[in-house]
Amino acid sequence: MCGIVGIANAAGAAEYTYVGLHAIQHRAIEYAGMVTTDGSDAFTHHGTGVVRQVFNQPILDNLHGRFALGHIRYATVEDKNSHQRNIQPLIATVGDSFVAIAHNGNLTNADSLRQELLNDGALFATSLDTEVILHRFMRASGTPTERLIKALDGVRGSYTLVLLMPDMMIATVDPSGNRPLMLGQKDGGYFIASESAAFQAMGVTRMREIEPREIIAITKDTIKTSFLPDWTAGVRRRCRFEHVYYALPSSIMFGQDVANFRLRLGRALELTSPTLDADYVFGVPDSATFIAYGYGASGRSGIYVPGILRNHYVGRTFIQGRQGLRDTGVSRKFSVVPEFVRGKKIALIDDSIVRLTTMPRLVERLRALDAKEIHVRIGSPQVISPCHYGIDTPTHSELAAAMMSLDAMKTRINCDSLEFLSLKTLRSLSSKPDDYCYACWTGQYPACMEPQENAAPT
Ligand code: AMP
């Protein structure tokens, strides 16, 4: 997953970008980059690691201008076998001018589009699908908005994009609206971010979401909205996993308050899969905390207590590259409060099971502290299919639920019972359930974003 922050027309644009990226650091921790402009020149800095490792005050002081574009990302399938520096924003210079681009999402026909460009003499500096869009933009004619529409015609998959040029910033969201992008405002400047939580950190007023197909072009004096053609014929496929896991609870996304959604999710999970007479409800922090709180709300299935603590200096274990690192990450990441465990019946709530790295280790900890019973409840259905749209679950063989029966998972976890939220219940939590993508839980990829190529190895 990735995160984007764009600032148009604000003093201290680089500092704002730093603060905004830092606020959404949970979305990606491996690379960070920024491009700024003073209206003519571009200033850039990119690096490996989290935002506070990549940037410092002297670096920010050299990122001049009132427009800035920042990006954070983690390594994905595109980085395998690649020796290139796949760090965004990408930047192309032409004469005195430049175009920088930042992308969240994943294209599903990037390989064939890349091949077309290669046949036409294009040279690629990275293995990112985003570079395909950049080349197509550079080759198109017309105003920046017209060029963007031409560049995206025939591009399939998921994208939120922000482009920066010397005198303009442009943002757009793909017609399915798969990934989030927000618009904010402060002192005459405009602010763009993958999550509204970034606006809180920047002290910016959240205006609204950028709608699917919408193109917003901002100069120092104007802001204009236009639209991409309706390539998906009105079909929306918002990522439900953003609500379940990725987004910060303090964000508002796809018209829903994330915290409120997770509380309702927890209540629905308790109704369908109660753990009657449990003493305590634990949530795996941070992403399942609100779900667990909702689960404990009725009091029938135990009372929510903060029985598992998270070390905030370890980072999200899932998004570290290799399995070995992930394994030690889980042990370093969590500690358990013995007071709440000894002799107790516990409902242990997580938002999802992916590779089955976290849960067996946590249950082992609870067993070692003499828990009486451990009932695992998961706030989403079994993840059985890789995501082609930007979430890093690349292969079937890595997905526990794709490879194992429910019983085998329960045995591996060593819990007293294991239940997942049903797809039906998940769908019931929205008034427009068909506007969402559920492909990771169903294996049914939306026709409007159908992977045309072997985008994800199986
Ligand atoms: P696992 O331990 O491999 O079963 O992964 C599940 C844990 O990682 C849960 O605690 C989730 O909160 C978190 N998680 C689930 N999906 C993802 C994802 N796509 N990226 C990062 N973390 C995830």
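Which residue is the bridge partner of Tyr-280 in β18? I shall open with that question and answer it when we reach the sheet.

Good morning. What we have before us is a predicted model, in which local features need pLDDT of at least 70 and side-chain atom pairs count only at pLDDT 80 or more, while totals for chains, interfaces and linings use all residues. Residues are numbered from 1 along each chain as its sequence is written, and side-chain values use heavy atoms, with hydrogens and water left out.

Let us begin with the sheet. Helices (H or I, at least four residues) and strands (E, at least two) are DSSP runs, numbered from the N terminus. Two strands pair if DSSP finds at least two bridges between them. In general, strands of a sheet pair through backbone hydrogen bonds, either parallel or antiparallel.

Here, five strands form an open sheet in the order β18-β17-β21-β22-β23, and the pairing is parallel. Strands β18 and β23 (417-420) stand at the edges with a single partner strand each, so one side of each has no neighbour in the sheet.

Now look at strand β17, residues 280-283. Towards β18 (residues 303-304), β17 pairs in the parallel sense over two bridges. This brings us to the opening question: the partner of Tyr-280 in β18 is Ile-303. Val-281, in turn, has Tyr-304 as its bridge partner in β18. β17 is also joined to strand β21 (residues 345-350) by four bridges, and these two strands run parallel. There, Gly-283 is partnered by Ile-349 of β21.

Which way do the residues of β17 point? Tyr-280 and Phe-282 point one way, Val-281 and Gly-283 point the other way, and all are buried. By "buried" I mean under 20% relative accessible area, with exposed over 50% and partly exposed in between, using a 1.4 Å probe and protein chains only.

β17 and β18 also belong to a right-handed β-α-β unit, together with helix α10 (residues 289-295). A crossover is right-handed if, with the strands pointing away from the viewer, the path from the first strand over the helix to the second runs clockwise.

In the loop between α9 (258-272) and β17 we find Asp-277. Asp-277 has a positive phi of about 70 degrees, although it is not a glycine. Asp-277 counts as exposed because its relative accessibility is 65%. In the loop between β17 and α10 lies Asp-286, and a cis peptide bond joins Pro-285 to Asp-286, with omega about -5 degrees.

Two further places in the chain deserve attention. Another cis peptide bond joins Gln-88 and Pro-89, with omega about 0 degrees; Pro-89 lies in the loop between β4 (67-73) and β5 (90-94). Asn-9, in the loop between β1 (2-8) and α1 (13-23), has a phi near 75 degrees, a positive value in a residue other than glycine. Is Asn-9 buried or exposed? Asn-9 is buried, with a relative accessible area of 12%.

We come next to the ligand. It is surrounded by 15 residues, and the closest are Tyr-245, Asp-350, Asp-351, Arg-355 and Thr-358. A residue is near a molecule or strand if one of its heavy atoms lies within 4 Å of it. By class, this shell holds eight nonpolar, four polar and three charged residues. Nonpolar covers Ala, Val, Leu, Ile, Met, Phe, Trp, Tyr, Cys and Pro; charged covers Asp, Glu, Lys and Arg; the others, Gly among them, are polar. Helix α8 (residues 240-246) gives the most to the shell, with three residues.

How far is an oxygen atom of the ligand from an N or O atom in the side chain of Asp-350? The distance is 2.6 Å. For Asp-351, an oxygen atom of the ligand is 2.7 Å from a side-chain N or O atom. Taken alone, the ligand exposes 500 Å², and the protein buries 95% of that. Such accessible areas come from the Shrake-Rupley method with a 1.4 Å probe; for residues, only the protein chains shown count as cover.

Finally, consider two pairs of residues. Glu-195, in the loop between β10 (189-193) and α7 (197-202), is 58 residues from Met-253 in sequence, and their C-alpha atoms are 7.2 Å apart. The C-alpha atoms of Asn-119 and Phe-420, which are 301 residues apart along the chain, are separated by 48 Å.

Thank you for your attention.

Technical notes
Polar contact = N/O pair within 3.5 Å; in protein donor to acceptor, adjacent residues only side chain to side chain.
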